[in-house]
Every structure is written in C-alpha cells, then in structure tokens.
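Here is a short report on one structure.

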Amino acid sequence: MRLNSGRETRFESYVTQATKLLYRYRGHLGVYSIAGGYDCTGPQLAMISADGNYYYQPYGSLGSGSLFALSIIESKYRDGLTKEEAMAILQEGVLAGIMHDLGSGSALDFCVLTKGNVEYILKAATHEDTCAIRTAL
C-alpha cells in the first residue's frame with residue numbers, strides 16, 4: 001500500500017490503527033489477531049489482543065490451542081530458519097494444538113510473506129495428519 005506521497009505504508013501504521021480501534025471498545029469486540037507484514041524496515045509480526053495491547057515477536061500463537069503450539073515452536077525456533085524449516089516447525093506446533101484442543105479447528109493454511117510477494121498455501125495439513133502423531137506416541 002502506498003501513501004499519497006508515494007512512500008510505502010509502514011506496518012506499524014496498521015498496528016497503531018488496529019490497536020486504537022480495539023482500545024476504544026475495551027475488548028468487547030473479542031478480536032485477537034496475529035498480524036504480519038513486510039515494509040521498508042523488514043519483516044514484522046505483531047500479536048494484538050482484544051483490549052488493544054500489542055507486542056512484536058519473531059513468532060507467536062493465539063487461541064485455545066496456543067499453549068500446545070507454543071510449546072513446540074519455542075523449543076525448536078532459532079534465528080536464521082529457512083522457509084521450509086519454519087513451516088515444518090509451525091505445522092508440528094499447530095497439529096499439536098489441533099490434537100489436544102477440540103476448539104482449534106481441523107486444518108492449517110500458510111500465508112508466507114516475503115519482500116514483494118505473498119504466497120498462500122492452503123490445506124498444508126489437516127486433522128488427519130494428527131493420526132501419525134498419535135500412533136507415534
């Protein structure tokens with residue numbers, strides 16, 4: 001997105017506008033969001049809570065299965081992961097959330113953001129993929 005001045009909009013602008021809106025409603029909208037973007041400062045990832053609080057981290061998880069997902073992601077994350085390594089870790093984490101939490105849904109979609117490109121990978125994994133995890137236990 002470009003401003004009238006021709007400059008690229010910063011990701012921080014989106015986070016600021018979203019958090020102002022959420023803060024105004026004091027959490028009554030019930031929106032918890034992970035927002036990602038790539039701007040002139042590089043890749044960004046922000047966790048935004050329903051009351052308008054936010055924080056930036058290299059990875060994140062929100063929702064009822066987030067503790068299961070984060071336990072995998074935190075134990076395996078390191079700086080400098082390749083796209084394939086990161087996707088494998090995230091897939092394992094989300095499948096752990098699906099397997100242990102009935103409210104976590106049944107499929108995993110990826111949205112990979114790189115400079116100047118957005119790639120959608122739909123149905124990267126489904127709840128059937130948790131069967132392999134269960135039999136390994």
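The sections below take these topics in turn.

## Model

This is a predicted model. Every value here is computed from it.

## The sheet

Three strands form an open sheet. Their order is β1-β2-β3, and the pairing is antiparallel. β1 spans residues 33-39 and β3 spans residues 54-56. Both stand at the edges of the sheet. Each has a single partner strand, so one side of each lacks a neighbour in the sheet. From one strand to the next, the twist averages 25°.

β2 covers residues 42-48. Its pairing with β3 is antiparallel and runs over 3 bridges.

Which strands does helix α1 lie across? The helix, residues 11-24, lies across β1, β2 and β3. Its direction makes an angle of about 10° with β2.

## Positive phi outside glycine

Arg26 is not a glycine, yet its phi is positive, at about 50°. The residue sits in the loop between α1 and β1. Arg26 is exposed, with a relative accessible area of 51%. The cut-off for exposed is over 50%.

Lys123 is another residue other than glycine with a positive phi, near 55°. Where does Lys123 lie? Its place is in strand β5, which runs over residues 117-126. Lys123 is exposed, at a relative accessible area of 59%.

## Cysteines and disulfides

A disulfide is a covalent bond that joins the sulfur atoms of two cysteines. How many disulfides does the model contain? The count is 0. The rule asks for two cysteine sulfur atoms within 2.5 Å.

Is Cys40 buried or exposed? Cys40 counts as exposed, at 54% relative accessibility. Cys111 is partly exposed, with a relative accessible area of 43%.

Terms used
Residues are numbered from 1 along each chain as its sequence is written. This is a predicted model: local features need pLDDT of at least 70, side-chain atom pairs count only at pLDDT 80 or more; totals for chains, interfaces and linings use all residues. Side-chain values use heavy atoms; hydrogens and water are left out. Two strands pair if DSSP finds at least two bridges between them. Helices (H or I, at least four residues) and strands (E, at least two) are DSSP runs, numbered from the N terminus. Axes are lines fitted to C-alpha atoms, for helices over the stretch in contact, and angles run from 0 to 180 degrees between N-to-C directions. Contact means heavy atoms within 4.5 Å. Buried means under 20% relative accessible area, exposed over 50%, partly exposed in between (1.4 Å probe, protein chains only).
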